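Subject: Structure handover

Hello,

Here is the structure for you to look over. My notes on it follow below.

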Amino acid sequence: GSDGPVTSCHLVSRVPFEQLDGARVALGSTSRTTVELARLILRERYGVRPEYFPCAPDLELMLREGDAGVIIGDPALRAWLYDARRLDAHLLDLGQAWKDWTGLPMVFAVWAVRREYLEKFPDIVHEVHAAFLRSRDISLEHVDKVARQVERWEQFPAAELESYFTTLDFSLGERQLEGVREFARQVGPQIGVPRIPDIALLGARV
């Protein structure tokens, strides 16, 4: 396996995670999925119930204002590459924590469409679906070029970016769908959504 992160969704803490009960945890992420996953993992896997508060996604600020922080995207990659070691902080990959706990993949993002829209505009839906698949395939085929382009805009080495991009799983099949359903089942009571919606995969046209 890769030594890189499975996801760029991390919990960074100044203390061991099981010591975060009642502690202040900064939410630097605007991703509700990541925020709810962090709450779920801390409560169910580590048995703690922190006090959460919103904060700018600046790790040093988050750890000054609180004991830990939830971050995604570039701040999470910076934490993995540089900041956690420099700040002597504990780093938890939330996607890997979910997989370790449930045995299922964590799906952080999907493209979804309502059934009634699919029935009304099937050509548009399948055209967009096919475009997403083409974009994914082209990007992975030329991942080295993508990494070099991103390196020009961000402060990450191209080799690390290429490792990260190829570590991510961009597939969506029955196993991933099972993970989505389990996440909905686990997080539903937490967010006040008691009924799990019926979710099905959109098949590609041939």
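Ser29 lies in the loop between strand E2 and helix H1. Helices (H or I, at least four residues) and strands (E, at least two) are DSSP runs, numbered from the N terminus. Ser29 is buried, at a relative accessible area of 10%. Here buried means under 20% relative accessible area, exposed means over 50%, and partly exposed is in between (1.4 Å probe, protein chains only). Leaving aside neighbours within four places in sequence, Ser29 is in contact with Thr34, Val35, Val70 and Ile72. Contact means heavy atoms within 4.5 Å. Glu119 is 90 residues from Ser29 in sequence and 35 Å away in space, C-alpha to C-alpha.

A word on the basis. This is a predicted model, where local features need pLDDT of at least 70 and side-chain atom pairs count only at pLDDT 80 or more, while totals for chains, interfaces and linings use all residues. Residues are numbered from 1 along each chain as its sequence is written, and side-chain values use heavy atoms, with hydrogens and water left out.

Next, the core. The largest nonpolar core has 23 residues, and Leu11, Leu20 and Trp98 touch the most other members. Such a core is a set of buried Ala, Val, Leu, Ile, Met, Phe, Trp, Tyr and Cys residues joined through side-chain atoms within 4.5 Å. At least two residues of this core come from each of E2 (24-27), H1 (32-44), E4 (68-72), H4 and H9 (174-191). H1 gives the most, with six residues. Not counting residues up to four places away in sequence, Leu20 touches residues including Leu11, Val15, Leu42 and Val48. Arg49, Pro50 and Asp67 are also among them.

Now the rings. A search of the whole structure finds six aromatic pairs. In the Trp98 and Trp101 pair, the ring centres are 5.8 Å apart and the planes are at 80 degrees, so the pair is edge-to-face. Rings of Phe, Tyr and Trp (its six-membered ring) pair if their centres lie within 6.5 Å; planes under 30 degrees apart count as stacked, over 60 as edge-to-face and the rest as tilted. Both Trp98 and Trp101 lie in helix H4 (residues 94-102), three residues apart, about one turn of the helix. Trp98 is buried, at 0% relative accessible area. Trp101 is partly exposed, at 29%. Ring pairs link Trp98, Trp101 and Phe183 into a cluster.

One charge also belongs here. The charged end of Arg24 sits over the ring of Phe53, 3.9 Å from its centre. The test is NZ of Lys or CZ of Arg within 6 Å of the ring centre and within 35 degrees of the ring normal.

Last, helix H6 (residues 122-141). H6 has 20 residues and reaches 28 Å from its first C-alpha to its last, close to the 28 Å expected at 1.5 Å a residue. That expected span is 1.5 Å times one less than the number of residues. In H6, Val125, His126 and His129 are buried. These three cover an arc of only 95 degrees around the axis, which puts them on the same side of H6. The arc is that of the directions from the helix axis to the C-beta atoms. On the other side of H6, Asp123, Glu127, Ile138 and Glu141 are exposed. Helix H5 (115-120) is included in what covers the buried residues of H6. Arg136, also found in H6, is partly exposed at 30% relative accessible area.

Best wishes
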